[in-house]
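This report describes one protein chain, moving from its overall fold to a single residue. Please keep the sequence and the structure in view while reading.

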Amino acid sequence: MPAGIWVGLVDEVDAPVRAMACGTPVIVSDFSAQPELCGAGWKVGGQPDIDPLLKGVYLTPNLGQIVDRLEQAYAAKGDKELAEKGIAHAATYDHAKVYPEMWQPYIADLEKKLAPVPAPALNRA
């Protein structure tokens with residue numbers, strides 16, 4: 001496969017990273033967390049829309065750009081440098097790196113900011 005493609009209305013996080021970890025470049029929407037995830041591949045723009053029922057914003061991808069990015073992916077098929085770039089980028093999302101470098105300091109900071117909750121008084125009447 002020349003590229004994995006994630007341009008839908010649902011924000012996939014792990015799938016593009018797993019694809020790049022295997023050396024497969026990705027095509028993602030230029031929306032939400034997707035641009036940050038795209039370490040090796042291409043981005044697709046589109047029309048932002050609002051779902052009033054869910055009170056959420058999503059992106060309807062531009063089909064012409066999807067076709068263009070697929071053509072670029074086929075032209076880059078077998079590009080070892082692009083594959084290595086994706087593997088290196090995916091490694092930055094490894095849990096052994098993310099948890100100690102990002103989550104533990106974040107949790108420690110939250111714990112400092114949160115005041116302890118006093119125990120409720122017991123009513124012995």
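## Secondary structure

The model is predicted. In the protein chain, the secondary structure amounts to five helices and five strands. Following the sequence, these elements occur in the pattern β-α-β-α-β-β-β-α-α-α.

## Overall dimensions

The protein chain is more spread out than a compact globule, because its radius of gyration is 21 Å, well over the 14 Å that the globule rule gives for 125 residues. The C-alpha trace spans about 80 × 40 × 20 Å along its principal axes.

## Burial, surface and contacts

Of the 125 residues in the protein chain, 28% are buried. The chain exposes about 8900 Å², and carbon and sulfur atoms supply 60% of this area.

Contacts can also be sorted by separation in the sequence. Among those between residues at least 6 apart, 40% join residues at least 24 apart.

## Charges

The protein chain carries 11 positive and 16 negative charges.

## A residue in detail: Ser-29

Where does Ser-29 lie? Ser-29 belongs to strand E2, which covers residues 26-29. Is Ser-29 buried or exposed? Ser-29 counts as buried because its relative accessibility is 5%, and buried means under 20%.

Leaving aside residues up to four places away in sequence, Ser-29 touches Trp-6, Val-7, Gln-34, Pro-35, Val-44 and Leu-59.

Definitions and conventions:
Residues numbered from 1 in each chain as written. Predicted model: local features only at pLDDT ≥ 70, side-chain atom pairs only at ≥ 80, totals over all residues. Heavy atoms only, no water. Helix = DSSP H or I, 4+ residues; strand = E, 2+ residues; numbered from the N terminus. Rg over C-alpha atoms; globule rule 2.2 N^0.38 Å. Buried < 20%, exposed > 50% of the residue type's maximum accessible area, 1.4 Å probe, protein only. Contact = heavy atoms within 4.5 Å. Areas by Shrake-Rupley, 256 points an atom, 1.4 Å probe, with all protein chains shown as cover. Lys, Arg positive; Asp, Glu negative; His and termini not counted. Charge placed at Lys NZ, Arg CZ, Asp CG, Glu CD.
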